[in-house]
Each structure stands twice: as C-alpha cells, then as structure tokens.
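Hi,

Here is the structure we talked about. Please look it over, then read the notes below it.

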Amino acid sequence: MSSAMLYVLVAAGLFGIGVYGLIIAGHLLRKLFAINIMGNAIFVLMVAASAPLDGRPDAVPQALVLTGIVIAVSATAFALALMVQLYRVTGQASLEQDPDGDD
Amino acid sequence: MNLAVDMLIGAGLLVLAWQTISGRSLFRGIVLFVVFGLTMALAWARMGAPDLALAEAAIGAGVTGALMLVAFRRLVRIRPDQCAQPALRRSRLAVPVAVLAGGLVGVIGLAVVAVERDPALAGLAVTEALTDSGLGNPITGVLLLYRNLDTLLEVAVLLAAFLAARTVFGEDESRPPTPARREVPLVGALLAIIVPLTILIATHLLLAGSREPGGAFQAGAVLAASGVLLVLAGRLQPATALSAGPAFGLTLGLMLFSLVGLAVMAFGDPLLALPGLWAVYLIETAMMLSIAMTLVLLFAGASGLRRSGP
Amino acid sequence: MSASEVLASLLLLTGGLFYLAGTVGLLRFPDVYSRLHALTKADNLGLLLVCSGLSLLAGTWRAAALLATIWLLGLLAATVSAHLIARHARAHDAAGDKR
C-alpha cells in the first residue's frame, strides 16, 4: 500500500465520520465540527490523489486547497455568528422542531 | 517505517474526528477539534505539502479554534448551563448514509490513484513557467499568477463573511462592561516578547513565501494570533464604531489588488496580470494586513478596536 | 550508525519517555496543580531533549539555533499558560475535579 492510498482511505473515513456527525448532531456547533471535518477530508483527497511532481504533490491542487482552507474559516466564522444570534433570539442552538419552543 | 508513521497519523486523525463529533462535552469537542487540526498539519507535512501544513496549523486549527471558543463563551454568557446539551439525534439512516458517503469518496480517490497518469501536466507547466518569474514557491505562483481571480475573490469572501457576521450578530450586549481587572504581571512580559516576535515571523513568512513555504494567508493568520492575544489580554478593546484605521485595514488588500489588477489593463495587459515581483510583494503585504485585521475583528465580535490606554 | 546518531537517538528516546511521563501524570494526577506540575516540568525537559537530539541529527548551527528558539518559546508559553491556569483555578477554587 502506498502512502497516497493510505491517505485516500483516511479521507474516506473522515468524510464518513463527518457525514455521520452532521446527521446525528443536535447542537449546531457539533454540526460545524462535522462540516469542517468533511471539508478536511476533501482537502486530503485532493492532495493525496494528485500526481506527485518530483517527490512533492502537484502545486495546483495544493493552491486550490489553500484557497479552500481560507474559505472554510470564513464560512465557519459566519456560521458561528449565525449560531450565537439564533441562540440569543430563540434560546436554542439546534434546528430541532420543538413543540414548546422555549428550549 | 515511513508508512507506519503515516498510518499512525491517519489513525490519529480518524480517532480525533470521531471523538470530536461524539464526545459529550462541547468544550472538549472544541479542544479536540484544535488537536485534529494540528494533526492535519502533521499529515500535510508528511504528504510533502508544507504550505498547507503552515496554513492548517495557523488557520485551520488556530483561528478556527479561537473563533469556536469565543462563540462557545458567548453561548455560556447567554445561559451558563451549556452542559445540558441537546441529545444526539437518533437516526436509522445515519450509519448507512455515512458509510455510503465515505465509500464514495474512497472509491473516487482509489480510482484516481490507480489510473496511470502523465505526471501532472499543469504542475509541470507551472514549475517551468515560474522559474523565470522569480517565484520559487510554485504554490504562491499558482495563487498569484494563474489563479489570481480566485485569490482576489478569496479575500473578498473573507471580507464578506466579516460583514455578514457583523450584520447578523449586531452588538454583543452580553459582553460585560470593560473589566477593570489588573493585568497579570506575567502576561505583560509574555506580550512584550511574543508580539514583536509574531510580527517578525509574519514578515518572514510573507517574504519567504515567494521562495519557500509561506505566503500572505499564513502570515496574516500568524499576525492575527498576536492581535487575538492583545484582545484577550485587554490591551485592545472591542469598539462599536468602525473607525478609519480598522476600516482601511479591512479593505486594503481587496482595494490594492483590484487597483493594481485594473491598472495593468491600461498598459494592454490582461486583467489582474501582475506586472512584476514588486507587485506580488505589495499585494501580499496588503492582503496579510487585511486578513489579520478581519480575523481579529471576527474574534473580537466587534466593528472596531481601540487601544485601552490609561 | 555514527556516534552522534546514537547519541541523538538516545536523546530522542529519553525525550519521548519524559513526554510519556508528563502525559501519564496529566491523566492520572488528582488535581489541577499536580497535573500542571507533571505537564510543564516533564514536557519542557522532553522538548529540550528532543530539540537537542534533532539538532545533533541536523548537524548545522543554524538548525540548532532555530530548535533552541523553539524550545525557549515553548518554555515561555508553558510558563505563562500554567501560571494563568493555576491562577484561574485558585481564584475559582475549582481544584479537584476538572482542569
């Protein structure tokens, strides 16, 4: 097994864990963890599966992933602001349908 | 032996990811997420991508972790009993869907790895074209010479995220009035050493970014770290009004990049074709300052900062 | 394997042992203060040993100076954060259950 294959498998595992977390998480912060883990899985996939160029991975996917990391932190920051505001307004930090509406 | 190290890191990543999403305590989840990010940085270094390792450690683990912690603290301020978590939802579909999604990623990846390929044509072209541009680091080269529109829009997205967060968030009423606490003596000493050193490291990352691993994003995140420290220590206080300094800092990167990118059209060059190495350094410096300012303001949850002076 | 490589491996292994001891202490010790004690003391020494082992392996003064800087910075961060955590714990009198 080559290390590229190993990291592809790790990416698959991470993506599965992320999807699972996204589905079962109640709290929005947990959903954010899950989304970030899924993003990281795709980053690993892009770099690990790119053809190596004198020992290092191709620069083009690396540049794309670098852009992706910054976009991910921007989106996370915005999502965190949304979450705090939702909590302020409704008193809950999840998207559950709650019949009482008070917690 | 080498594969064993990779396996250890891979297993660590999987366990950390699992613990992050399944642990009971939210605070613990944030800490584990930061550890996950740092392990990712190790994995990037192992994959031969030191630029990504730097970015992941500074942005993926550091900045994201700090933002999550500060959001968690805001939740705690609104209601202290954050331990009473909404339980994990039960879903019969969760496991099959997760296995399918992970399997899909794995199959795609393994198929790509298994295909016999010509050695990265785009990568080869980039490396050849960059040798005469003076940019020894192919990633900085790709970002600023070939995907310059992406990079410009990336800075725009960061700014947009900040503005959107400000709009949604409004003023942080839950923030207690300016704490009149005494500063711990050691913290002053720490700041006196760390802040100048961080500025030095950020400058180094920026300048080295044209040849070695580094670049505006990594440098901006490192610079933001010292800003976050200053906010935490109370040396910089969140301000409600957006003053000229921070506003200038926020938009500097976007403005300068767009201006230079448009100006070259007057000389018959295509949009965003950078005229030389000096322009790369100029734009990267502006981007670094903007990124740092945006990240610090996102952390402070404020439109501006003011020095808390006597 | 040359003499310096043997020495470097010894240093690295000993450093790893100190890290192990520090981590075991962090997990097993009962309260905040003794945990901090285990973490900062053992890990800083471990970091020193690992850094000196690595600079032996690298074999250049430049690498040695960089690694020494890393150790000093780690020392600084550990000192201040341990101080702040202990101070916070004492102020809240929460010693005993969680960090």
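**Second largest pocket**

α10(B) gives the most to the lining of the second largest pocket, with five residues. Helices (H or I, at least four residues) and strands (E, at least two) are DSSP runs, numbered from the N terminus.

The model is predicted: local features need pLDDT of at least 70, side-chain atom pairs count only at pLDDT 80 or more, and totals for chains, interfaces and linings use all residues. Residues are numbered from 1 along each chain as its sequence is written, chains are lettered from A and ligands numbered from 1 in the order written, and side-chain values use heavy atoms, without hydrogens and water.

The pocket holds about 550 Å³ of space. Its lining has 20 residues, and Gly227(B), Leu230(B), Leu236(B), Met293(B) and Leu305(B) are the closest to its centre. A pocket here is an open set of points on a 1 Å grid over the protein atoms alone, where a 1.4 Å probe fits, with protein on both sides within 12 Å along at least five of seven lines; lining residues have an atom within 4 Å of a point. Points are joined across faces, edges and corners, and the volume is the space filled by probe spheres set on them.

In chain B, α8 (185-208), α9 (216-232), α10 (244-266), α11 (277-300) and β2 (304-307) each supply at least two lining residues.

**Chains C and B**

Six residues of chain C contact eight of chain B (heavy atoms within 4.5 Å). Across this interface the rule finds zero salt bridges (side-chain nitrogen of Lys or Arg within 4 Å of a carboxyl oxygen of Asp or Glu).

Best wishes
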